[in-house]
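Dear colleague,

Please find the structure below, followed by a summary of what was found in it. I would be grateful if you could read the two side by side.

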Number of protein chains: 2
Amino acid sequence: MKLNQFARLAPDAATQVRELNAIGFATDPTLGLAELAQTNFAKLFPEAYTATTTHQQWANIATDATHTLADLLTPALTRIPRDQFYTAALQLLGFEPITDFPLAAPLRFMTATKLPFVAADIETPADFLAALYLLLTTRTKHLVNYLDALATRGFFKDFQGAAPRYLFFNGKAQNVFDARRVHREVVWIESDLDTDHDGQRDLLEATIFRPAETDAGLKMPVLFTANPYFHGTNDVDWITHEPSTEVAVKTHSHTREEVTYHAPAAPDLPPRPVTGTATEAEQYADENGIYALNDYFLGRGFVTVYSAGVGTRGSDGVRSTGGPSETASAVAVIEWLTGARRAFTNRTDGIAIKAWWSNGKVAMTGKSYLGTLAIAAATSGVKGLKTVIAESAISSWYDYYRENGLVVAPGGFQGEDADVLAVDTYSRQKTTGDFLRMKPTWDKALAAITADQDRVTGDYTAWWDARNYRNHLANITCDVVVTHGLNDWNVKPKNVIALWNGLRDLPIQKKMVLHQGQHVYVNNVLSLDFTDMMNLWLSYELLNVANDAPAVLPNVTVQDNVEPQTWHTYTDFASADAQHPQQVLNLATAFTADRASFADNATRTFHAHHETSDSYELEIVKPNSLYATDRLWLDLPVFDHAVVLEGIPTVHLRLWIDQPTAILSVRLVDVGQAARFGAVAKTLDPTGYPLGYDYKTTSILEFAPAAPTDSKLITFGHANVQNQHNAYENVPVVPGVPFTLDFALQPTHLTLPADRHLALIIHGADMAQTHRPTAITNYHLDLANSTLTLPMRQD
Amino acid sequence: MKLNQFARLAPDAATQVRELNAIGFATDPTLGLAELAQTNFAKLFPEAYTATTTHQQWANIATDATHTLADLLTPALTRIPRDQFYTAALQLLGFEPITDFPLAAPLRFMTATKLPFVAADIETPADFLAALYLLLTTRTKHLVNYLDALATRGFFKDFQGAAPRYLFFNGKAQNVFDARRVHREVVWIESDLDTDHDGQRDLLEATIFRPAETDAGLKMPVLFTANPYFHGTNDVDWITHEPSTEVAVKTHSHTREEVTYHAPAAPDLPPRPVTGTATEAEQYADENGIYALNDYFLGRGFVTVYSAGVGTRGSDGVRSTGGPSETASAVAVIEWLTGARRAFTNRTDGIAIKAWWSNGKVAMTGKSYLGTLAIAAATSGVKGLKTVIAESAISSWYDYYRENGLVVAPGGFQGEDADVLAVDTYSRQKTTGDFLRMKPTWDKALAAITADQDRVTGDYTAWWDARNYRNHLANITCDVVVTHGLNDWNVKPKNVIALWNGLRDLPIQKKMVLHQGQHVYVNNVLSLDFTDMMNLWLSYELLNVANDAPAVLPNVTVQDNVEPQTWHTYTDFASADAQHPQQVLNLATAFTADRASFADNATRTFHAHHETSDSYELEIVKPNSLYATDRLWLDLPVFDHAVVLEGIPTVHLRLWIDQPTAILSVRLVDVGQAARFGAVAKTLDPTGYPLGYDYKTTSILEFAPAAPTDSKLITFGHANVQNQHNAYENVPVVPGVPFTLDFALQPTHLTLPADRHLALIIHGADMAQTHRPTAITNYHLDLANSTLTLPMRQD
């Protein structure tokens, strides 16, 4: 176990003492070591209400094979040997002697586990306070740090008096509010939209979880999650597409101007009249689709707000799968939270309600579609949005459903497209009365999405351009945190890296975490203190805590793919400097291959073997594969040392085919028997991570090596051979006539150990993600005139 | 989906009206239909605080393709067509038109789903109130019934005034208390035991979750779970046994008297002096190992108590794996809850604390070891224990770890034994200071368990007799509910059926639920209203509600193994009457087999194919199996109609072997390709089942057919051929000399469709559960003198 920690501050001794004092520890050095230790060790057992039950607890904590804390903590105490202190401390942190660590050698275990410890035995009150401060900020076996663990056991339960207040320790907001006493409220925010064309501004439902301490006048910042799934999802089997059995020959090449989205003028609709005001909501909110990280912050004095946007249950309008109306929906909520927009207590009576409890500072959170809308909202430059924490987010929907002029499904969802997701999230369907009234409007809007997404050509169009948030990065004024899985083939890594590259030169703070998982959150991954990092970040961004978070947190944190539980930190990702040389490898001379041609009959192979998308993805990258004749396999000899790839590999391919069009797919594979990270993180404890005192829990996970395999996909790319310049211009392909295609694979960061090698697979259709053509296409590569360019990291 | 319901009462109209009125519905018929409907439909949306938001909700509920509740509920209302009422009602119950049911035909869907409805259109206030009452007691899509669902949405949130009180509806306690406002307390109960031989009475820690409403003087009953896992478990890899590679030739036959346990005189130890009294605890409890069913009842006015017993963290003493000291531990807690025993607020100061909030009535709950201790406590006849709800419980530990003179592992845990479980649950290990002080005592106690369990002979001894609760069934005075999986090969069904048979003639109430799962709870299985059944039961047993629960609830409820979501009810299980004829089948004439001999070389086959216990259990029952030569396979021709087996199949086998001892295993198999229930229930919704208002949730499950297989185990049995009379007398076996063995298979209830047939497998060692002998043994069956006796059900 390695408990990496990036969010711990190391303030000077005076600050430490002041902070210890502020949370109730005795700090007066004149008390002497014995009394300081007794007084303060008593506070570490918040469940014990009396001296006797405290003493019982001390007697349970061994300091060596024959003594306990109860033996140590006597008036005779003059010195605490460091080994004894940490033997006890490890038990306080949740580790069991004998099972987890050798009783006699706590420091060896702590070093291996990456836990910090003081330099010498504890001889003075100052020594003790320094050790105590360090211990309180040390991570426990149960993910959270020790002071947070104490808080979830009641350490702060009597903290609040008549005038509620924040408490910060080690630069982070502490769990001093009562997450159980929360107002749940629903309001309707009036937008500028009219997506259902009824001549009325669309009302947007928002759900608020507001700590009761706001009632006493305390203003709180807001964690806002724009979650289209918040009110449930619908069955989409009926609208999920069968992959087409042919690849269309394109007849209309687009110009850049043709594919540039120009927003229509906003409808100028009258606002609803205000007939009265209220400070309390008229409707209680049900709970659904909560993000555990948000819940974690409720007890730390953050209001959490969820809104699902146009076309969801309780709101007006129709879905647009990431269109401008969904950005505007999220922005409208932020505007209400900062006092710049109106909301009502119900849909009809005109009773206005303000977010009177808001301090006007908002952060957006969430993964996937949720994080996507956070990025979208950030590109509006809306005032009050101080930061977004966007996880596994889409930055351009074309990079989710299309690639280089091809229809490409998100991994795991063959046949999904923008219209499918629109149906999935049109939760107005769940309120049948409303659904039936809206049916003609929605049927029409949905039909337009199905037409506009254009599954025939797969080209980039103005419709997709409207869903490319990277067009508007220059508008971003808030600080940005992104996380993404390096093995996320659902929202592929291009989304985050293209975003990162676009943010690089903006005058904002930006942080990126890249992990070895797929399409998942990282807040509950044990080896990373992500929650604490975000506490430091949000305390800085939303509560003005001068904790130097931008400097303390690494710019880029990347999980190693070979060493479990190991996270590297960098100042940037694949920036264009000397440390990131490009290695250009000729496919004929650098690689070995036994042929240069193949006939793509993968669709037949796929059906003949009753393969699924999941099985296909494993099979296509095996050295000995069912698809061996449907692909070229090119081996690159082993490097003579471990190498690190970082950035965007590209291919330059010269080839001819015997058809007027085709799909071209390329996979870069890590080859050699090894136990690599598996597809799914391991659940270490389904309820081990406490989110507050006497409150919810969530799971603790770890990315962990799975059973050994012969190979694993590193990255891949797909292209329509008619899209030789970009995703909107088409070039006719003449059977038998060679042409050249350049395209990028998904970005990667990978350590390749010296005993493994790379292979490049060139094949046709991708059964899991592209159309599945039934015609056999012959591919002939001119390997001598083709290259793979690998971006390397050399520091 | 079939939502079976056994706990709904159908009181007369006057009672219905009275109960509706008591929970706040308007019932005065002079109001007229329109006003009654408007007033009462408004109450069905507890989230809506105002008339406007209520109206918004009505407008969301369709009554047909073009109308909603908002259209219906006008002053002009004179009649509610039944179809419209139930189209709306189904939406209230959580079903979605279009997706779940056709908008125009609600009754057809309700019939298929087993939901009740009224007989005609609603024309009068009385009609409306009858329909409303029925609706409130109808099950929802989310497991709980509709009134319970409303309660979890806040229906009763303002129910309690200054003087807290219970509320009963339809015979069941309602969720009118606040499950979030609970005192968590720890006390130490002084037992009569001294299992660690320190001359002091063992103190037993108990954890109490007490609704705050008790502070106002309300006395509540207690749900007590004796849970040895409550404070965590330990690593047991180091003590788990390797299955022996030889079966011992036994040298010492026991007499009945030799294997009869005689309890030693209880130590007569002085009680601790009382130095003071308290009404509040000195220690807050942490939470661990909570049973969701208990949590469900917190808001209904039941205190829940957990105690882990001797040898667990916080308690004195050592574990005994089901020994008399563990029974006494559970009984001591009940005695404290009923005022008959002393407890203290800490371990040393002598401050006594009473369960002053207890109404003196206790039910025990829990599964597996937890249910086992409920059965154990029941056999003490302790006063105040009104009922036990014992799920998947052991009734004799010999039937858990041994069988007919053989060491037999619980399914899934090859190599486990009583000593392994003792280590597993010795959670004093988790408090290292305490553990180290106790180490010599515990090492000695553990060594004694390892010796006494006797893995050499596998015989029944006085040590096992001390762990056979069926010896004391005559002492039981409380009513008993048991549940068990018909496919539970961990705690095998013999445990529950032998218990049931022993209870049959006792003057107590008893109820049994047999399901198609393995070793699992049934409270969250969607097709059964188990939680409601237990609410009826506990309201009757602990709160004196005259709901006629013993007559309303079926005596025996059995899940069908062919039709999903189908539960049969019976007055008894396999009672000895004419409806349960025994069918005696000669193995030579009734069955077909191609030979009568086999050589058991299964251990070699097992290792050669890198099999696991899990894969073995599937493989051994396949018609074409890796173990084909290690077994006899006897086919019974198809019956010409579906038949139902119910009870205990037995075999009478005449055979000789070529060794002085051997393991004999017999499996009865259901043969024929079919999609049968899988090993694991399907999770329909991981958080779909709400346990209270703004409170925890748990999962909703359903036992569901898995992928088709050619065969499935129905039941099995094992015997040591030296145990020809019983589990303690040994008979020498002479190689080559025939002998006769009679033994029972595990009890079963099974419907065999007309197109499937039975097969009997006779084999040697069972790789998953018995020793794994390396010597090859030859078995020669005298089929003409061997029989299988099948118990049938014919009603």
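In which strand is the place of A:Thr698? The residue lies in strand S25 of chain A, which covers residues 697-702.

The model is predicted: local features need pLDDT of at least 70, side-chain atom pairs count only at pLDDT 80 or more, and totals for chains, interfaces and linings use all residues. Residues are numbered from 1 along each chain as its sequence is written, chains are lettered from A and ligands numbered from 1 in the order in which they are written, and side-chain values use heavy atoms, with hydrogens and water left out.

A:Thr698 has a relative accessible area of 17% and is therefore buried (under 20% relative accessible area; over 50% is exposed and in between is partly exposed, with a 1.4 Å probe and protein chains only). Leaving aside residues up to four places away in sequence, A:Thr698 touches A:Ala292, A:Asp685, A:Pro686, A:Thr687, A:Gly688, A:Tyr689 and A:Leu691 (contact means heavy atoms within 4.5 Å).

Helices and strands are DSSP runs numbered from the N terminus, helices being H or I with at least four residues and strands E with at least two. In chain A, helix H1 (residues 13-22) packs against helix H7 (residues 125-136) at an angle of about 70 degrees, their axes being 10 Å apart. Axes are lines fitted to C-alpha atoms, for helices over the stretch in contact, and angles run from 0 to 180 degrees between N-to-C directions. H1(A) and H7(A) are therefore roughly perpendicular (65 to 115 degrees; under 35 is roughly parallel, over 145 roughly antiparallel and the rest oblique). Among the residues that meet are A:Val17 and A:Leu20 in H1(A), and A:Leu129 and A:Tyr133 in H7(A).

Chain A also holds an open sheet of four strands in the order S20-S29-S23-S26, with antiparallel pairing (strands pair if DSSP finds at least two bridges between them). Its edge strands, S20 (631-635) and S26 (709-720), each pair on one side only. From one strand to the next, the twist averages 20 degrees. S20(A) is joined by five bridges to S29 (residues 757-763) of chain A, running antiparallel; A:Leu634 has A:Leu760 as its bridge partner in S29(A).

Chain A superposes on chain B by a rotation of 180 degrees with 0.0 Å of shift along its axis, at an RMSD of 0.0 Å (least squares on the C-alpha atoms of residues with pLDDT of at least 70 in both copies). This is the relation of a two-fold axis. The same surface serves both copies, since 100% of the contact residues of chain A recur in chain B.

Yours sincerely
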